[in-house]
Amino acid sequence: MDTSFLFRRRTRQATTIVLLLITVLTMAAAERPALHWGATQAAWVACIYLLMAMALLVFSRTRLMFVCLGCSAAISLFFYEIKPPAAAPPAPGWYEQQDSLRHESTPTHR
């Protein structure tokens, strides 16, 4: 089987463009309600990019490996930054134990 076409410059460039387009589409899905499903799968897309980068490292395809790592980082950072703010923290002292001497039924001589 002839796989020499996989190692040509044009094939690498086309693969890079496809990987970047998938990244941009995943990030654009966050702003469009119709594409909400794609935005919910962003963590999986970032993990897939990371796994692809590891596979490309094994096959000594470092340029595509760095593209995959960059895409994974971009998706992770983008969705970390647009995450809605957490709810306000509870008021200080909400966990303090209240004095229960009025309700206690223990004898006073103890």
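Helices (H or I, at least four residues) and strands (E, at least two) are DSSP runs, numbered from the N terminus. With that rule, the protein chain reads α-α-α-α along its sequence, that is, four helices and zero strands. The model is a predicted one, in which local features need pLDDT of at least 70 and side-chain atom pairs count only at pLDDT 80 or more, while totals for chains, interfaces and linings use all residues. Residues are numbered from 1 along each chain as its sequence is written, and side-chain values use heavy atoms, with hydrogens and water left out.

**The whole chain**

Begin with the entire protein chain. Of its 110 residues, 19% count as buried; buried means under 20% relative accessible area, exposed over 50%, and partly exposed in between (1.4 Å probe, protein chains only). Contact means heavy atoms within 4.5 Å. Among the contacts with a separation of 6 or more, 61% are between residues 24 or more positions apart.

**Helix H1**

Next, select residues 9-28, which form helix H1. H1 has 20 residues and reaches 29 Å from its first C-alpha to its last, close to the 28 Å expected; the expected span of a helix is 1.5 Å times one less than its number of residues. Which residues of H1 are buried? They are Thr16, Leu19, Thr23, Thr26 and Met27. These cover an arc of only 100 degrees around the axis, which puts them on the same side of H1; the arc is that of the directions from the helix axis to the C-beta atoms. The exposed residues Arg10, Ile17 and Leu25 are on the other side of H1. The cover over the buried residues of H1 includes helix H2 (36-40), helix H3 (42-58) and H4.

Within H1, pick Thr23. Its relative accessible area is 4%, so Thr23 is buried. Beyond its neighbours within four places in sequence, Thr23 is in contact with Tyr49, Cys71, Ala74 and Ile75.

**H1 against H4**

On the H1 side the contact includes Arg12, Leu19 and Thr23, and on the H4 side Arg63, Cys71 and Phe78 are among the residues involved.

**Ala30**

Move to the loop between H1 and H2, where Ala30 is placed. Ala30 is partly exposed, at a relative accessible area of 31%. Its C-alpha atom is separated by 8.4 Å from that of Phe79, 49 residues apart along the chain. Leaving aside neighbours within four places in sequence, Ala30 is in contact with Ala39, Phe78, Phe79 and Ile82.

Now select H3. Its buried residues are Ala42, Val45, Ala46, Tyr49, Ala53 and Leu56. Seen down the axis of H3, they fall within an arc of 100 degrees, so they line one face of the helix. That buried set packs against H1, H2 and H4. The face of H3 turned away from the buried side carries the exposed residues Ala43, Trp44, Leu51 and Val58.

Finish at Ser60, in the loop between H3 and H4. Ser60 is exposed, with a relative accessible area of 52%.

Conventions:
Axes are lines fitted to C-alpha atoms, for helices over the stretch in contact, and angles run from 0 to 180 degrees between N-to-C directions.
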